[in-house]
Amino acid sequence: MCLGIPGRIVTMLDGYEGQLALVDVVGEQRKVNVGMMPDETFDSGDWVIIHMGFVVEKTDTEGAEAALAGLELMGRGAVTEES
């Protein structure tokens, strides 16, 4: 298993042969490639696990929360502001 970041699909992007999605990752939107999972379909609201800009797994809410909890244990993922 690789280290992956959970994100939620906002929308699939036009062009690029349907391989790019706009994904919300902890409040920041980024483009990710879904081409490594050609047999999977993606819709707005789907949870995915991202590694190096590629979706490597489609998951559910519980899987996304577990991945985020793992990142927070390592000191990553939690966005905080210090005064």
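Which residue takes a positive phi just after α1?

Analyst: Gly75 does, with a positive phi of about 90°. This is a predicted model, where local features need pLDDT of at least 70, side-chain atom pairs count only at pLDDT 80 or more, and totals for chains, interfaces and linings use all residues. Residues are numbered from 1 along each chain as its sequence is written, and side-chain values use heavy atoms, without hydrogens or water.

Start with the helix. Helices (H or I, at least four residues) and strands (E, at least two) are DSSP runs, numbered from the N terminus. Helix α1 covers residues 61-73. Its 13 residues should span 18 Å at 1.5 Å a residue, and its end C-alpha atoms are 18 Å apart, so the two agree. The expected span is 1.5 Å times one less than the number of residues.

Another positive phi sits in a hairpin. Val26 takes one near 50° in the hairpin of β2 and β3, with two residues between the strands. These strands run antiparallel, joined by six bridges. Strands pair if DSSP finds at least two bridges between them. Val23 stands opposite Arg30 in β3.

Gln29 is also in β3. Gln29 counts as partly exposed because its relative accessibility is 46%. The cut-offs are under 20% for buried and over 50% for exposed, with partly exposed in between (1.4 Å probe, protein chains only). Leaving out residues up to four places away in sequence, Gln29 touches Val10, Leu22, Val23 and Asp24. Contact means heavy atoms within 4.5 Å.
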